[in-house]
Amino acid sequence: MDTNKMRDIVREQFEATWADVMRGDEPPPGRKPTRSRIDPEKYAGDAAQFAWRWWQRSREAVVIDLTPAMIPGGGYLEDQNAIAAIEAQGLRVAP
């Protein structure tokens, strides 16, 4: 999967979780963290930027090792659908 697309998915998940956590149990829905005007890759608030760095590192730490499935009669099959689904969540699959 394209690295930029993975990064966008991870950022969307972070922002949705941030809004949910900041909302607590009361409506209306929480707001996404505000991006920096100077560098849109960063967040304006220190708390959001700190949380974003930890969110990224938590995702980078998860690497899933898919043992190839044995094809009857010999050989192995990589399940590309499973790999794509895992990577779509911003996680990595071991080579």
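I started with Phe-14 and found it buried, at 3% relative accessibility. A reminder to myself: this is a predicted model.

Next I looked up where Phe-14 belongs. It is part of the largest nonpolar core, which has 7 residues: Val-10, Phe-14, Trp-18, Tyr-43, Ala-48, Trp-52 and Trp-55. Helix H1 (3-23) and helix H2 (46-61) each supply at least two residues of this core.

Then I turned to the rings. How many aromatic pairs does a search of the whole structure find? The search gives 6. I picked out Phe-14 with Trp-52, a tilted pair at 5.2 Å centre to centre, with 50° between the planes. Phe-14 sits in helix H1 and Trp-52 in helix H2, so this pair ties together parts 38 residues apart in sequence. I checked Trp-52 as well, and at 3% relative accessibility it counts as buried. Phe-14, Trp-18, Tyr-43, Trp-52 and Trp-55 form one aromatic cluster.

Tyr-43 got its own entry. Setting aside neighbours within four places in sequence, I noted its contacts, among them Arg-11, Phe-14, Glu-15, Ala-48, Gln-49 and Trp-52. Pro-33, Thr-34, Arg-35 and Ser-36 are also in contact with Tyr-43.

Last, I visited Ala-88. This residue is found in helix H3 (residues 80-88). Is Ala-88 buried, partly exposed or exposed? I have Ala-88 down as partly exposed, because its relative accessibility is 23% and buried means under 20%. Val-10 was already in my notes as a member of the largest nonpolar core.

Technical notes. Residues numbered from 1 in each chain as written. Predicted model: local features only at pLDDT ≥ 70, side-chain atom pairs only at ≥ 80, totals over all residues. Heavy atoms only, no water. Helix = DSSP H or I, 4+ residues; strand = E, 2+ residues; numbered from the N terminus. Buried < 20%, exposed > 50% of the residue type's maximum accessible area, 1.4 Å probe, protein only. Core = buried A, V, L, I, M, F, W, Y, C linked by side-chain atoms within 4.5 Å. Contact = heavy atoms within 4.5 Å. Phe/Tyr/Trp six-rings, centres within 6.5 Å; stacked < 30°, edge-to-face > 60°.
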